[in-house]
Amino acid sequence: MNYNIRGENIEVTPAIREYVEKKIAKLEKYFTETPDANVHVNLKTYNNNRSKVEVTIPMQNLVLRAEEDHEDMYAAIDLIVDKLERQIRKHKTKVNRKFREKGSPTLMFASFDEPEAPVLEEEDNDLEVVRQKSFDLKPMDNEEAILQMNLLGHSFYVFTNAETNRTNVVYKRKDGRYGLIEAQ
């Protein structure tokens, strides 16, 4: 894996770089082949002595992403690795179940030994759809979509952009501002 480690309001020391690379390299055990991936790590510190760590690993069929706020940067890195491991396990379970149903022997991930297999089945229950809604997408602009989202009290809102006639999503970010996702 290739590492791109950036720091905002913090100098990325060799110790921090080595710690990040050592921890994230542990994820390689989940793959049959070492992924040729670029690991993007953003380290931020704020005036209140809190640290924020963001890790993005874009891969061929999967994007692993996690972020964590913590008082201790090293603890945040540890928590990020735990989150990424959970994401890989969930994805591995889903992919392996599809392959079993289709009868294909090709697996993208390395197989686990028995002790971790029951945990994977438990975590997969989170993927069950428990409710389904259907609705018409009304053409509107971004501002109207944000107003509709706030009126409904939701954290996101799907709509058709009146200008482009494409499906878009507005969402409320953790920092209180808004984001927009545009379909291509």
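**Figure 1. Salt bridge between Arg65 and Glu54 in the predicted model.** Arg65 pairs with Glu54 in a salt bridge, with 3.8 Å between the closest N and O atoms (a salt bridge is a side-chain nitrogen of Lys or Arg within 4 Å of a carboxyl oxygen of Asp or Glu). Distant parts of the chain are linked by this pair: Arg65 belongs to strand β4 (residues 63–70) and Glu54 to strand β3 (residues 51–58), 11 residues apart. Helices (H or I, at least four residues) and strands (E, at least two) are DSSP runs, numbered from the N terminus. Arg65 is partly exposed at a relative accessible area of 39%, whereas Glu54, at 11%, counts as buried. Buried means under 20% relative accessible area, exposed over 50%, and partly exposed in between, with a 1.4 Å probe and protein chains only. Arg65 and Glu54 also belong to a network of salt bridges that links them with Lys44, Lys52, Glu67 and Lys174. The count of salt bridges by this rule is 14.

**Figure 2. Salt bridge between Glu21 and Arg17 in helix α1.** The closest N and O atoms of Glu21 and Arg17 are 4.0 Å apart. Both residues lie in helix α1 (residues 14–25), 4 residues apart, which is about one turn of the helix. Glu21 is partly exposed, with a relative accessible area of 29%, and Arg17 is partly exposed, with 32%.

Figure 3. The largest pocket has a volume of about 280 Å³. Pockets are found on a 1 Å grid over the protein atoms alone, as open sets of points where a 1.4 Å probe fits, with protein on both sides within 12 Å along at least five of seven lines; lining residues have an atom within 4 Å of a point. Grid points are joined across faces, edges and corners, and the volume is the space filled by probe spheres set on the points. Its lining consists of Lys44, Tyr46, Lys52, Glu67, Asp69, Tyr171, Arg173, Lys174, Asp175 and Arg177. By class, the lining has 2 nonpolar, no polar and 8 charged residues (nonpolar: Ala, Val, Leu, Ile, Met, Phe, Trp, Tyr, Cys and Pro; charged: Asp, Glu, Lys and Arg; polar: the others, Gly among them). The pocket lies between domain 1 (1–100) and domain 2 (137–180), because both give residues to its lining; the domain bounds come from an automatic or database domain assignment. Arg177 and Asp175 form a salt bridge, the closest N and O atoms being 3.0 Å apart. Arg177 counts as exposed at 55% relative accessibility, and Asp175 is partly exposed at 42%.

**Figure 4. Polar contact between Asn42 and Arg6.** Asn42 sits in strand β2 (residues 38–45) and counts as buried at 18% relative accessibility. Its side chain makes a polar contact of 3.0 Å with the side chain of Arg6. A polar contact is a pair of N or O atoms within 3.5 Å; within protein, one must be able to donate a hydrogen and the other to accept it, and residues adjacent in sequence count only if both atoms are side-chain atoms.

**Notes to all figures.** Residues are numbered from 1 along each chain as its sequence is written, and side-chain values use heavy atoms, with hydrogens and water left out. In this predicted model, local features need pLDDT of at least 70 and side-chain atom pairs count only at pLDDT 80 or more, while totals for chains, interfaces and linings use all residues.
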